Amino acid sequence: MPRRRNDDELNSAAPPEEEELPRHLPLLPVRDAVVFPYMILPLFVTREASVAAVEAAMAADQHVFLATQQDPNVEAPEAEDLYPLGTVGVIMRQLKMPDGRLKVLVQGLARAQVSAWEATTPYFKVALEPLAEAEAPQPGPAGEALMRSVREASEKILGLRGMLSSDVLAILSSVDEPGRLADLVASNLRLETKAAQAILNELDPLERLRKVHEHLGTELEVSTIQARIQSEAQEEMSKTQREYYLREQLRAIRRELGDADERHRELSRLRQSLSEQGLPAEVRAEALKQLGRLEQMQPESAEAAVIRSYLDWISDLPWSTASRDRLDLKKAQAILDEDHYDLIKVKERILEYLAVRKLNPKMKGPILCFIGPPGVGKTSLGRSIARALGRKFVRISLGGVRDEAEIRGHRRTYIGAMPGRILQGIKQAGTNNPVFMIDEVDKVGADYRGDPTSALLEVLDPEQNYAFSDHYLNLPFDLSKVMFITTANVEETIPDALWDRMEVIELSGYSEDDKLAIARKFLIPRQIKENGLGPRQISFSRSAVLEAIRSYTREAGLRNLERELGSVCRKAARKVAEGDKGTFRIAGQNLHKYLGVPKFLPEEERGEGEVGVATGLAWTAAGGEVLRVEVSVVEGKGNLTITGQLGEVMRESAQAALSYARSRAKELGLKKGFYEDLDLHLHVPSGAIPKDGPSAGVTIATAMISGLTGVAVREDLAMTGEITLTGKVLPVGGVKEKALAALRSGLKTMLVPAKNHKELSEVPAKVRRQLQIKTVEHMDQVLELALVGKPAPAKAQGRGRKKTAPRRRKGKQ
């Protein structure tokens, strides 16, 4: 079986003397190579027909016709399986192998083509037609440039292969015929059989040289990449060997300097530290096992660094270290009162925990959840609780966290793995019973990396967290002694399973009196100190604080109020820094000099009641808010337009309100079929803010009926409640927050569903004294209390029409 030897030598031979080539020769099929004229090639001959062809050639004049198979996988080729154009060659040498194979060395002489098949057994014998090469004219500038380009590319390829020598350069330079140069270079290129046969078939010398030049470009690029890969591999190997040699030298130097004993001492200290930690039996066994592995490893290995970091974490965690609780209830009460104003329910819960802890030292830590709008003191309350208990305080925030590994940690198989934030916080605290605050549990996300809230179930479940397993440690850690406190702004986004594991305490917003007391006791002294002022350099009157609360902030919490007070202190600090030595007395009359134009109008500057405009109350993550609902009635065809970026629930409330108005048309003094000639446009201002929820149902109905009847709505009244088609008013949530929002906005009366009556006890007494809260069961009661006068039929009007009936007298509202 003829096979081409994997040899990269530049095969060349001097052209034989001109002689008449035989016209009838035995054919030797070549499986995977194309033989070019003047090419010397060793072949292994294994097939019987090929051996017979070689023997016949050797018995004659040693000439043979070399033809390439179209498919090298064909074991017994027929005439149609061979390319008809091949090369007449001469067998220069023959060697018979012990296994019966022949090894022959052949040299190509000239191109020829099969003209007839004379015999196919026992070997192929063919009649040939010699193909004379077209005489190439003397190469012009273009031909000479092409030949130079082929020579240079060949030299580059041979140089990249490490085969370039002076003999090879001499051979390339000595060939001055385009066809001969093309055959010489093609015979040494690693071409596919089809590409090589196409070059052999080309009889025009210059065209053949152009084809070879095209293949040279591809081969040069491949050879360049191959050389670069080999160079990089060699450099990497040399670098590894060099590092190994240097490490061995460094190890020998350390032995001479006695540093080997230092590592032994370091491992001994680590062993002693693990022994003194008071580790649980399971943890101790795993730690000693890993320490034994570390002692057997080379200190420079990557795995040794991983194990050392793992043992450091085990050694640093407070497995048995706990802080003693301060069980003096009176002192704890004093600390809580010192740090926070009001918050009676929270303080009572902490004192109850201390009382039970005093009677039962082995009780598990509670898991509390503070829910309330921003700025009401949820996080600072956690610090105060830790101070009252005499425990360390740790805080993490999970807002936007989407990776479960943030809670449970990464497995040690990953590069840069480390424990989750729970164990990181425990290590930071240095005790196994800190007050651990987890903020923003309502803003945890989830994606393909897992659900962090599911991982929190194990952390916050008293029946499971005594054996919390972090992926990094893969050992149980007792979290049952930790007092976990979570915070959230809304409860809707907290999963039910997580909600079930926590004791929820709601922190609503502050009333005006609460803000005044907190500002004078906490906020003002803190801002004076933070801005480098003294108590004698600046003072705030009661009227100044009230003005800041009423005209510059409108929020459930205290953040904006503290920000405004800080702005006043900064302006005063600047004047002191510029040399002003006077005392700055801030009063309500001069507050605008420091804070600018008031952001909110006081009650006396509010406009009068309007037709089609009602005031509702909403409950958001930021606390209670006032919501204005506007309805405009115009001539039309009975369409209802809704704007203001309202959600699906509010849109359904609007449809229910319109249906209720149509069902009560006679009682409201509206003509039959009134809606067929009118269009209603419902709008809620602040259109850039999405709004949704059922509690605006009674407000929408009141505004709609006001617009249809032409009777104005009381401007000092706000309402909340869900409406049904029959006019019933259903209960809603957030009554306390809505009451505070109504009071902040200067409203005097608030209508709430009768079924929310039990929740009114949670509204502070000060708020109930300043805000008249009335309960309603049906929409008829709402209209009676909200509309200024009796409903009367009205024609279509635009929004903003003034009330058409006199206002109610006091005492008859």
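Two strands pair if DSSP finds at least two bridges between them; strands (E, at least two residues) and helices (H or I, at least four) are DSSP runs, numbered from the N terminus. The views show a predicted model, in which local features need pLDDT of at least 70, side-chain atom pairs count only at pLDDT 80 or more, and totals for chains, interfaces and linings use all residues. Residues are numbered from 1 along each chain as its sequence is written, and side-chain values use heavy atoms, with hydrogens and water left out.

**View A. Open sheet of five strands.** With parallel pairing, the strand order is E8-E9-E12-E7-E13. Strand E8 (393–397) and strand E13 (503–506) form the edges, each pairing on one side only. Strands E9 (residues 435–439) and E12 (residues 483–488) run parallel and are joined by four bridges. Methionine 437 has isoleucine 485 in E12 as its bridge partner.

**View B. The largest nonpolar core.** This core (buried Ala, Val, Leu, Ile, Met, Phe, Trp, Tyr and Cys residues joined through side-chain atoms within 4.5 Å) has 52 residues. Buried means under 20% relative accessible area (1.4 Å probe, protein chains only). Phe370, Ile385, Ile538, Phe540 and Ile586 have the most contacts inside the core. Helix H17 (residues 512–530) gives the most to it, with seven residues.

**View C. Lysine 515 in helix H17**. Lysine 515 is buried yet has no salt bridge (a side-chain nitrogen of Lys or Arg within 4 Å of a carboxyl oxygen of Asp or Glu). The nearest side chain of opposite charge, glutamate 555, is 5.1 Å away.

Terms used:
Buried means under 20% relative accessible area, exposed over 50%, partly exposed in between (1.4 Å probe, protein chains only). Lys and Arg count as positive and Asp and Glu as negative; His and the chain ends are not counted.
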